Amino acid sequence: MPYLMLILGVLTLVAGFERIQRDRKEFWGYMLVVISLFIFFVSAQGFIVNA
């Protein structure tokens with residue numbers, strides 16, 4: 001499960017950066033970057049708990 005969350009975080013981060021580059025002042029681009037950072041945090045906790 002942590003691997004799936006890690007992949008989801010990467011995909012969300014890429015989608016956020018694409019939206020930021022396409023339209024400079026878009027709220028959802030920044031929101032996707034913040035959400036991806038949260039997903040990375042949850043994924044890291046999953047790796048620590050399962051180790």
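Against which helix do the buried residues of H1 pack? The buried residues of H1 pack against H2, where contact means heavy atoms within 4.5 Å. The model is predicted: local features need pLDDT of at least 70, side-chain atom pairs count only at pLDDT 80 or more, and totals for chains, interfaces and linings use all residues. Residues are numbered from 1 along each chain as its sequence is written, and side-chain values use heavy atoms, with hydrogens and water left out.

Helix H1 covers residues 2-22 and helix H2 residues 27-50. Helices are DSSP runs (H or I, at least four residues), numbered from the N terminus. The 21 residues of H1 should span 30 Å at 1.5 Å a residue. The end C-alpha atoms of H1 are 30 Å apart, which agrees. The expected span is 1.5 Å times one less than the number of residues in the helix.

Pro2, Gly9, Thr12, Gly16 and Ile20 of H1 are buried. Buried means under 20% relative accessible area, exposed over 50%, and partly exposed in between (1.4 Å probe, protein chains only). Viewed down the axis of H1, the buried residues fall within an arc of 80°, so they line one face of the helix. The arc is taken from the directions from the helix axis to the C-beta atoms. An α-helix has 3.6 residues a turn, so residues three or four places apart point the same way. In H2, the buried residues are Gly29, Leu32, Val33, Ser36, Ile39, Ser43 and Gly46. Their cover includes H1.

The loop between H1 and H2 contains Lys25 and Glu26. Lys25 is exposed, at 79% relative accessible area. Its C-alpha atom is separated by 22 Å from that of Val10, 15 residues apart along the chain. Glu26, by contrast, is buried, with a relative accessible area of 17%.

The structure holds one salt bridge. The term denotes a side-chain nitrogen of Lys or Arg within 4 Å of a carboxyl oxygen of Asp or Glu. The bridge joins the side chains of Arg19 and Glu26 (3.1 Å, N to O). Arg19 is partly exposed, with a relative accessible area of 32%. Side chains of opposite charge can pair when their charged atoms come close.

How values were computed:
Helices (H or I, at least four residues) and strands (E, at least two) are DSSP runs, numbered from the N terminus.
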